[in-house]
Amino acid sequence: MSEVEQSSPQTSPTLDAEQAEKLEAEAEAPKTISLSAPTTQVDFPDGGLEAWLVVLGGLLCNVVAFGYVNSFGVFQSYYEQFALPDDSPSNIAWIGSIQSFMLLFPALFGGALFDRGWFRLPLFMSSCGLVLFTFLVGQCSKYWHLVLCQGIASGFAAGMLFSPVMNVIGHWWSKRRGLAFGLVTLGSSFGGTTIPIMVRRLIPQIGFPWTMRTLGFMFFGLLVIPNLTLKRRLPARPKKGLKAVWDPAIFTQNLELTLYIVAGLFCFLGLYTVIYFLDISAVAHGVDGNFSFYLISMLNGVSGVGRVFAGRLSDKFGPGNTVIPCVLAAAAITYGFPFATTRTHFILIAVFYGLASGAYIATFMLPVYGFGEMKDLGKRMGMGVTTISLTALAGPPIAGALIKAHGYDAAGYFSGTCMAISAAIILVVRFMRLKGWKGKF
């Protein structure tokens with residue numbers, strides 16, 4: 001005992017020095033913190049056949065879910081000119097905005113089901129529902145029919161596809177999660193490119209009802225593969241009660257996450273303005289309608305490049321550092337949207353906005369992974385996406401009302417300002433996270 005007592009005073013200064021060095025290292029840790037991976041250490045495959053099959057399944061789900069929603073610009077133009085000529089652009093935009101809202105809103109329930117271990121059954125049921133409701137859109141002849149069928153029902157089914165896919169990717173990828181997300185969201189570019197062309201070309205040949213049936217059959221074929229390849233990898237950690245779905249502590253105890261979601265609210269308030277009104281704006285400025293509908297396909301096609309590129313940048317520099325310039329670029333292009341008057345102008349808007357918006361969509365939820373543990377990922381993602389869906393619902397009708405009352409200038413300025421505010425808030429979150437301006441975020 002005496003030897004131990006005598007030796008301890010000699011070793012304690014060394015231990016104090018090591019503790020001091022450790023504390024200094026921990027103090028510097030926020031400078032290099034990454035939001036691309038959760039704080040709990042979990043082994044991830046980050047490759048292999050099963051992981052890549054999950055990416056393939058997620059990509060095909062997004063062809064159908066996000067690709068369908070991102071194609072509403074061609075439906076907006078068709079409804080305004082032919083199907084619903086007596087309804088205002090703002091009223092028609094409600095169909096698409098409800099669909100966008102329902103694409104995001106079910107994340108609250110999908111995330112809770114995912115945390116409880118429910119994945120395959122919701123995926124199968126939502127796949128069947130989306131195919132069925134797409135068939136039924138072809139039978140709609142009145143405004144309220146389209147609101148119920150295309151807006152609410154199809155949107156909800158697409159949302160229940162989108163939500164679990166975004167969660168399950170996190171089970172298989174960590175170091176290259178940005179790349180995986182970029183490839184998965186590439187599906188929305190494929191869908192957003194092909195669906196408008198299909199719809200515009202098929203309607204004159206076979207009519208609107210059979211066009212939607214053709215689209216439904218295509219969705220059926222595409223969704224078979226995800227139902228075979230998508231699967232969970234990590235064990236479920238279910239919670240009981242209301243907090244399993246909505247836990248206010250997720251926001252109240254994490255100011256950085258709360259501010260980041262507020263930034264998403266502002267961004268989605270203006271994000272869809274160009275996507276929804278680019279086609280009809282071009283027609284209003286004298287661009288041939290047989291060409292203008294290709295603008296939506298151009299925008300969605302080019303967005304695929306932005307999605308993959310942003311995913312790679314996210315892995316290297318951090319998802320937060322990638323999101324900020326994407327939002328600023330989208331805001332700047334939206335400010336320029338009202339000044340487009342020629343075919344060349346609209347092509348440039350479609351190309352550059354596709355790059356910026358595609359990059360943002362591919363990375364905007366990646367920072368949420370770093371704001372908590374993997375066990376609560378579904379709930380955290382679900383609450384965040386569901387909250388953001390509120391402005392996805394309101395944004396296009398507000399833009400449509402501004403266009404009707406004051407022209408495209410007001411809509412462009414409003415939407416661009418909303419996205420600029422979003423970028424400013426994310427910069428604040430970045431500063432809070434890093435305790436400064438330098439570092440990976």
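## Two helices side by side

How are helix 10 and helix 14 oriented relative to each other, roughly parallel or roughly antiparallel? In this predicted model, the two helices pack at an angle of about 150°. Angles over 145 degrees count as roughly antiparallel. Helix 10 and helix 14 are therefore roughly antiparallel.

Helix 10 covers residues 255-284, and helix 14 covers residues 343-363. Their axes lie 11 Å apart. The crossing of helix 10 past helix 14 is left-handed. Helix 10 brings Y260, G264, C267, F268, G270, L271, V274, I275, L278, S281 and A282 to the contact. Helix 14 answers with F346, I349, A350, Y353, S357, Y360, I361 and T363.

## A buried serine

S422 sits in helix 16, which runs over residues 408-434. Is S422 buried or exposed? Its relative accessible area is 0%, so S422 is buried.

Which residues does S422 touch, apart from its neighbours within four places in sequence? They are A263, G264, F266, C267 and V327. Look again at G264 and C267. Both also belong to the helix 10 side of the contact with helix 14.

Helix 3 holds residues 72-83. A straight helix of twelve residues would span 16 Å, at 1.5 Å a residue. Helix 3 spans only 14 Å between its end C-alpha atoms.

This helix is also mostly covered. Nine of its twelve residues are buried. They are F72, G73, V74, F75, Q76, S77, Y78, Y79 and E80.

## A residue in a loop

R233 lies in the loop between helix 8 (177-229) and helix 9 (249-252). How accessible is R233? Its relative accessibility is 30%, so R233 counts as partly exposed.

## How confident is the prediction?

The protein averages a pLDDT of 84. A score of at least 70 is reached by 88% of the residues.

Where is confidence lowest, and where is it highest? Helix 1 (residues 2-28) has the lowest confidence, with a mean of 41. Helix 6 (residues 120-137) has the highest, at 95. Over residues 1-40, the pLDDT is below 50. Beyond near neighbours in sequence, that stretch has 38 contacts in the model.

How values were computed
Residues numbered from 1 in each chain as written. Predicted model: local features only at pLDDT ≥ 70, side-chain atom pairs only at ≥ 80, totals over all residues. Heavy atoms only, no water. pLDDT = per-residue confidence, 0-100. Helix = DSSP H or I, 4+ residues; strand = E, 2+ residues; numbered from the N terminus. Contact = heavy atoms within 4.5 Å. Expected span 1.5 Å × (residues − 1). Buried < 20%, exposed > 50% of the residue type's maximum accessible area, 1.4 Å probe, protein only. Axes fitted to C-alpha atoms, helices over the stretch in contact; angles between N-to-C directions. Parallel < 35°, antiparallel > 145°, perpendicular 65-115°, else oblique. Left-handed = near helix turned anticlockwise from the far one by under 90°.
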